[in-house]
Amino acid sequence: MHGARARPKPWPNGPKIDPLLKPGATIGILGGGQLARMLALAAAPLGLRCHVYSPEKNSCAFDVVHAGTCAPYEDEAALGRFAGAVDVITYEFENVPAKTAAFLARRKPVLPDPQVLETTQDRLAEKKFISGLKIATAPFAPVHSAMQLAEAAAAVGLPAVLKTRQLGYDGKGQARIAKGGDAVAAWRSVHNAPCILEGFIDFEREVSVVAARARDGKVECFEITENEHRDHILKISRVPAKVTPALAAEARRIATRIAKAFDYVGVLAVEMFVVRKGQRRRLLVNEIAPRVHNSGHWTIDGASVSQFEQHIRAVAGLPLAKPLRLGRRVEMVNLIGTEVNDAARWLTVPGASVHIYGKGEARAGRKMGHVTRVWPA
Ligand code: AMP
């Protein structure tokens with residue numbers, strides 16, 4: 001290939017992408033929650049501006065951005081103005097309406113490519129996609145009726161978890177069915193919505209890999225993170241995770257394969273279960289999040305580059321950093337609901353960094369902030 005010049009990849013959705021955003025350029029972000037807020041804070045040191053689009057006027061990301069648009073995702077006039085004001089568009093949540101993403105993609109590059117959303121918005125499509133890559137998941141079967149639920153239960157076995165195919169997060173839209181349990185009650189509790197039934201996994205631990213993929217296809221994974229949930233909500237993330245180097249390498253390989261298969265640009269997280277069988281351990285993929293992820297928040301204070309900066313770099317066409325952990329161990333604790341009211345007690349704890357999202361009302365189950373502790377090496 002002597003003399004061959006690397007040619008920029010044509011942008012699949014339409015407009016050609018400027019290979020590199022220059023300082024002063026603006027990244028549009030769909031969604032105005034804490035993830036958008038932390039993305040904007042990470043963009044600033046690179047000289048990049050952010051413009052957040054959110055239908056909610058109290059969005060906490062509006063506090064820290066160069067510009068904001070408060071309008072519904074269906075408002076094409078507002079979307080058009082937003083697209084006109086930014087250089088590239090990304091998103092902080094996977095439930096961006098398909099029509100919104102398509103409308104914007106005709107006007108400006110949207111990264112990661114919205115085709116990723118079609119897969120990750122639907123648990124059935126997502127599970128099929130993962131198994132199509134020959135990556136193990138919990139056994140699963142589609143459920144569209146009470147009758148099909150009985151067939152699914154026979155196929156995957158009980159106990160099992162019934163999950164709505166769409167719009168489920170933090171355990172919402174999920175019902176557990178015990179061995180000999182009442183499947184019909186579970187079906188009713190998810191309001192007869194299209195579901196998948198997943199075999200209940202008796203996992204040893206939960207882990208995740210946050211990976212960044214650049215426009216040139218280079219991938220950088222953060223260290224595998226161990227996650228502890230309470231009431232289905234992430235409570236604590238820890239690094240290093242208690243896994244062998246071989247299992248950690250396997251987890252990174254899985255995340256890398258998924259990112260490649262999507263031709264992904266940006267940060268994505270892959271949640272996995274570690275399952276023990278005798279002395280052997282294997283990984284089952286639970287879920288893909290096509291965005292920065294709560295289990296990567298520790299990287300702001302605990303790594304040489306944060307997941308937020310990696311995402312900004314990727315969508316801006318900048319090279320990725322090779323992340324290094326700072327400290328012997330790092331722990332991130334979510335401040336959920338009223339826990340945020342005593343966040344001040346962390347301010348004087350050595351090695352602790354406090355992040356409060358400025359979200360207003362501290363409702364039960366609402367992620368209001370987090371604290372990261374770094375233990376020096
Ligand atoms: P999800 O919304 O799929 O991320 O599920 C939220 C949490 O529920 C996970 O982090 C697990 O703790 C638990 N969970 C989900 N699916 C299963 C499963 N098939 N078996 C056991 N626990 C599960």
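So, how many salt bridges does the count come to? The count comes to 23, where a salt bridge is a side-chain nitrogen of Lys or Arg within 4 Å of a carboxyl oxygen of Asp or Glu. Before I go on, two notes. This is a predicted model, where local features need pLDDT of at least 70 and side-chain atom pairs count only at pLDDT 80 or more, while totals for chains, interfaces and linings use all residues. Residues are numbered from 1 along each chain as its sequence is written, and side-chain values use heavy atoms, with hydrogens and water left out.

Okay, on to some pairs. E94 and R291 form a salt bridge, with their closest N and O atoms 2.6 Å apart. This pair links distant parts of the chain: E94 is in the loop between β4 (88-91) and α3 (98-105), R291 in the loop between β14 (280-289) and α9 (299-302), 197 residues apart. Helices (H or I, at least four residues) and strands (E, at least two) are DSSP runs, numbered from the N terminus. Both E94 and R291 are buried. Buried means under 20% relative accessible area, exposed over 50%, and partly exposed in between (1.4 Å probe, protein chains only).

Next, E331 and R238 meet through their side chains in a salt bridge, 3.4 Å from N to O. E331 sits in strand β15 (residues 329-336) and R238 in strand β12 (residues 233-239), so the pair ties together parts 93 residues apart in sequence. E331 is buried at 16% relative accessible area, whereas R238, at 27%, is partly exposed.

Last, the network: salt bridges link E204, R205, E226, R276 and R281.
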